[in-house]
Amino acid sequence: MSDISIRITGVAGRITLTRPKALNAMTYDMCLAIEDALDRWRDDDAVQLVVIDAEGDRAFCSGGDIADLYASGRKGDFAYGQKFWADEYRLNAKIFTYPKPVVSFLQGFVMGGGVGIGCHGSHRIVGESSQIAMPEVGIGLIPDVGGTLMLALAPGRLGEYLGTTASRMGPSDAIFAGFADSYIPQSKWPNLIDQLETTGYTELLDTAAETPDTGPLQAQMDDINRHFGGEGLGDILRSLSAEDSDFARAALKSLGRNSPLSMACTIEALHRLRGPSLTIEKALDLEYRFTARAMEHGDFLEGIRAAIIDKDRSPKWQYADTDVPPSAVSKMLRPLGDMALKLGGTKT
C-alpha cells in the first residue's frame, strides 16, 4: 500500500505513514493495515517492539481522511461512518493495551486520528515541531479515538479547555497534558530508530530525552481552572464573558468557532469519565455513542461542508444562538443498545 509502509526491520515491527502531501491523513485502509500488523506481531517472538513514524516534516498525522465519510453521510448512509469509527476505535484500544512497547515519533501536526495511533503507545516522543491537538469540535464531533481518556486525566480543567477550544500543544505542553512522554530533538530520531531496530532497548529513549522550554498552557492553568470548571458549556461561556482579559477574549474567540452541541457533549463526557474507574474502553464507548449519531443528529456534515467542501468557514451550527439544552446532550450520549461499540477480536 503506497499510503503506508509496514515491515519488520531487525527486532522492530515498523509502521511508517507515507502520505506526506496529505499530511499523512489516515484512510480506512491504513487503519485496517495497522491493525493487521499489530495482530500478526503480538505473538511473534521476532518482534520485540513496534516503532511508528511518518514521512515528511509537516505532520505525523493530521487526522482522518473524511472525504468518504462526508460523501456517504450526504447520501443518508450512516452505516459506513459507524463502521469506520468502530474499526478505528478498536485499533486505538489495541495500541493502548498492546503487550509490547509501542514507540511513536510525533513530528509536526498530530491531530484527531493521529492522536489515536500516535498517543496511546508506551513511548510517545515529541520534538521541536510537534503540535498536538484534538480539534474535533470544529467539525461537529467530540474528541474521540480515545482522546477523552487523556483529556479526562489531564491536570485540573485542562481537558475541558483543550477539548472545547481545540488549542494546540507544543512539546512541553503535550507532555504536561499527558499526550506525550519525552522530548527528543528531531535530529536524533533517525539514529535512535536505527538503534531501536537493532537492540529493542527502549531505555535508549530515556538517555536521549531532554527538557523542552515550558509551554504557554502551563502558565495559564489558573485561568483555565477558574473558567473551565463549570458544570456545562453555558457556565464556561458566562464565566469567560464576565472577565475582561486577554485569556478570556482569546478563549471566547476559539469557542465561537466550534459546534455548541459538540462542546457541550465534550464537557459532559469528561465529567462522566473522570474518576478511578476510567478505562480506554469506557472512553471509546462514550465517544462512539456520539460519533455513531453525529451525521444524523449532530453537526458533523455541516462542519465538514464548511471546513472542507465549500470552505466558507461559516458553519450553521445547531444551538448557535442559545444554550444547548441538557436533553440534546443526553440524546447524543445515551447508550446505543445493540449498536454499542464492541472492541473484542479482530476486524469484521
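In the predicted model, Tyr-161 has a relative accessibility of 9% and therefore counts as buried. Phe-228, at 0% relative accessibility, likewise counts as buried. The ring centres of Tyr-161 and Phe-228 lie 5.2 Å apart and their planes stand at 85°, so this pair is classed as edge-to-face. Distant parts of the chain are linked by the pair, since Tyr-161 belongs to helix H6 (residues 158-165) whereas Phe-228 lies in the loop between H11 and H12, 67 residues apart.

Across the whole structure, a search finds seven aromatic pairs. Another of edge-to-face type is formed by Tyr-28 and Tyr-80, because their ring centres are 6.1 Å apart and their planes lie at 80°. Tyr-28 is part of helix H1 and Tyr-80 is part of helix H3 (residues 79-96), so the pair ties together parts that are 52 residues apart in sequence. The relative accessible area of Tyr-28 is 16%, and this residue is therefore buried under the cut-off of 20%. Tyr-80, by contrast, has a relative accessibility of 26% and so counts as partly exposed. Ring pairs also bring in Phe-84, which forms a cluster with Tyr-28 and Tyr-80.

Strand S1 (residues 4-9) pairs with S2 in the antiparallel sense, and six bridges connect the two. Thr-9 has Ala-12 of S2 as its bridge partner. Two residues separate S1 and S2 in the hairpin that they form, and Gly-10 in the turn adopts a positive phi of about 65°. From S2 the chain passes through helix H1 (residues 28-41) to S3, and this β-α-β crossover is right-handed. S2 and strand S3 (residues 49-54) are themselves paired in the parallel sense, over six bridges. Within this pairing, Leu-17 stands opposite Ala-54 of S3.

Strand S2 (residues 12-17) is mostly covered, with six of its six residues buried. In a regular strand the side chains alternate between the two faces of the sheet. In S2 both faces are covered: one side carries the buried residues Ala-12, Arg-14 and Thr-16, and the other carries Gly-13, Ile-15 and Leu-17, also buried.

S3 is joined in turn to S5, in the parallel sense and over three bridges. Val-50 stands opposite Val-102 of S5 in this pairing. Strand S5 (residues 102-106) is mostly covered, five of its five residues being buried. Cover extends to both faces of S5, with Val-102, Ser-104 and Leu-106 buried on one side and Val-103 and Phe-105 buried on the other.

A further arrangement of strands is an open sheet of three, in the order S4-S6-S8 and with parallel pairing. Its edge strands are S4 (59-61) and S8 (131-133), each of which pairs on one side only. Neighbouring strands of this sheet are turned against each other by 15° on average, direction ignored. S4 and strand S6 (residues 109-111) run parallel and are joined by two bridges. In this pairing, Cys-61 has Val-110 of S6 as its bridge partner.

Among the helices, H12 (residues 233-241) has Leu-233, Gly-234, Ile-236 and Leu-240 as its buried residues. These residues lie on the same side of H12, because they cover an arc of only 160° around the axis. The elements covering the buried residues of H12 include helix H11 (221-227), helix H13 (246-255) and helix H14 (260-273).

Key
Residues are numbered from 1 along each chain as its sequence is written. This is a predicted model: local features need pLDDT of at least 70, side-chain atom pairs count only at pLDDT 80 or more; totals for chains, interfaces and linings use all residues. Side-chain values use heavy atoms; hydrogens and water are left out. Two strands pair if DSSP finds at least two bridges between them. Helices (H or I, at least four residues) and strands (E, at least two) are DSSP runs, numbered from the N terminus. Axes are lines fitted to C-alpha atoms, for helices over the stretch in contact, and angles run from 0 to 180 degrees between N-to-C directions. Buried means under 20% relative accessible area, exposed over 50%, partly exposed in between (1.4 Å probe, protein chains only). The arc is that of the directions from the helix axis to the C-beta atoms. Contact means heavy atoms within 4.5 Å. A crossover is right-handed if, with the strands pointing away from the viewer, the path from the first strand over the helix to the second runs clockwise. Rings of Phe, Tyr and Trp (its six-membered ring) pair if their centres lie within 6.5 Å; planes under 30 degrees apart count as stacked, over 60 as edge-to-face and the rest as tilted.
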